[in-house]
Amino acid sequence: MFPALPLGDRVINLVGAQGGTPDEDAMLNGHLLYYAPHGTANPGVNSTYAAGIDGVPVPCFHKGFAGVDAAIAHRYGQSPDTPPINECSAWLLAKTLGWPYNLLVPSCVLRELGGQPGSLSMGIHGKPGDPAPLAAGYPQGMAAALFDSLIAQQDRHLGNYRWDPAISRLHLIDHGYAFARPNDYCNASVFVEIRRRSGLAALTADERGSLNALIASPDVFGLAGILEAPRADCLAERARQMIARGEILNMGEF
Ligand SMILES: Nc1ncnc2c1ncn2[C@@H]1O[C@H](COP(=O)(O)OP(=O)(O)O)[C@@H](O)[C@H]1O
Ligand SMILES: [Mg+2]
């Protein structure tokens, strides 16, 4: 088991792990141009702010620790501290795994804005709930299923992805409630559900390679020092389970 670190130590580790890509550096260093509550047709469960950052050509989305609804977090088995940490951790994992996961998940950094530390996610275009990436065997949807199974995504409903028809690209947003522990609540996991229902749960050779790399990493790609305990242990255990069974896990099987 990895040691349980206090939040302050995990934030220091996260800040040390982020940066180094052009998008992350731009989000970390650009001056704040505007900051306003994000009104949306798909209201979420946490307070998300739209943030304009000088040097970043799209709006970004900021989720502060203080905006987390503690009762909802509790329902997911999470503390009010976890959503911004989980958001950044999902990106760090996608970044380390590389293609195709680093294209599915928008870049995300921890940054203080408006006097409030939180996760800052690069804005992406597209429609929520579009059926295109939900088609059986569609490659980006298959990759999303592997990723969501690995991160124990608890809330992948139709409003938590975007499909951009102009470039035929799927983006996954909202990783606040992920890195679940066994028996934690699962609200939705559409990509896992469809991949399993389509009889396509078996891992590809590339997926086995990605999972084996994570298992071989002594600190779970650095996430052992960032995620709230025991979430990094659970992450590594899911990867081992998937390798042992040769397939992604069931929906809600954390
Ligand atoms: N990276 C992003 N790109 C585009 N829109 C985003 C992004 N992150 C958040 N949003 C917008 O903000 C809303 C709320 O963010 P989300 O991460 O889903 O938080 P929650 O559902 O926990 O409140 C989303 O439904 C979406 O409209
Ligand atoms: Mg959401």
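Q: Is Arg156 buried or exposed?
A: This is a predicted model: local features need pLDDT of at least 70, side-chain atom pairs count only at pLDDT 80 or more, and totals for chains, interfaces and linings use all residues; side-chain values use heavy atoms, with hydrogens and water left out. Residues are numbered from 1 along each chain as its sequence is written, while chains are lettered from A and ligands numbered from 1 in the order in which they are written. Buried means under 20% relative accessible area, exposed over 50%, and partly exposed in between (1.4 Å probe, protein chains only). Arg156 sits at 0% relative accessibility, so it counts as buried.

Q: Which residue does Asp148 meet in a salt bridge?
A: A salt bridge needs a side-chain nitrogen of Lys or Arg within 4 Å of a carboxyl oxygen of Asp or Glu. Asp148 is buried too, with a relative accessible area of 2%. At 2.7 Å, N to O, its salt-bridge partner is Arg156.

Q: How far apart are the closest N and O atoms of Glu253 and Arg245?
A: Glu253 is partly exposed at 26% relative accessible area, and Arg245 is partly exposed at 34%. These two form a salt bridge, and the gap between their closest N and O atoms is 2.7 Å.

Q: Which residues coordinate the magnesium ion (ligand 2)?
A: Donors are N, O and S atoms within 2.8 Å of the metal (3.2 Å for Na, K and Ca); water isn't among the atoms, so sites may look incomplete. At 2.1 to 2.3 Å, the ion is held by OD1 of Asn160 and OD of Asp174.
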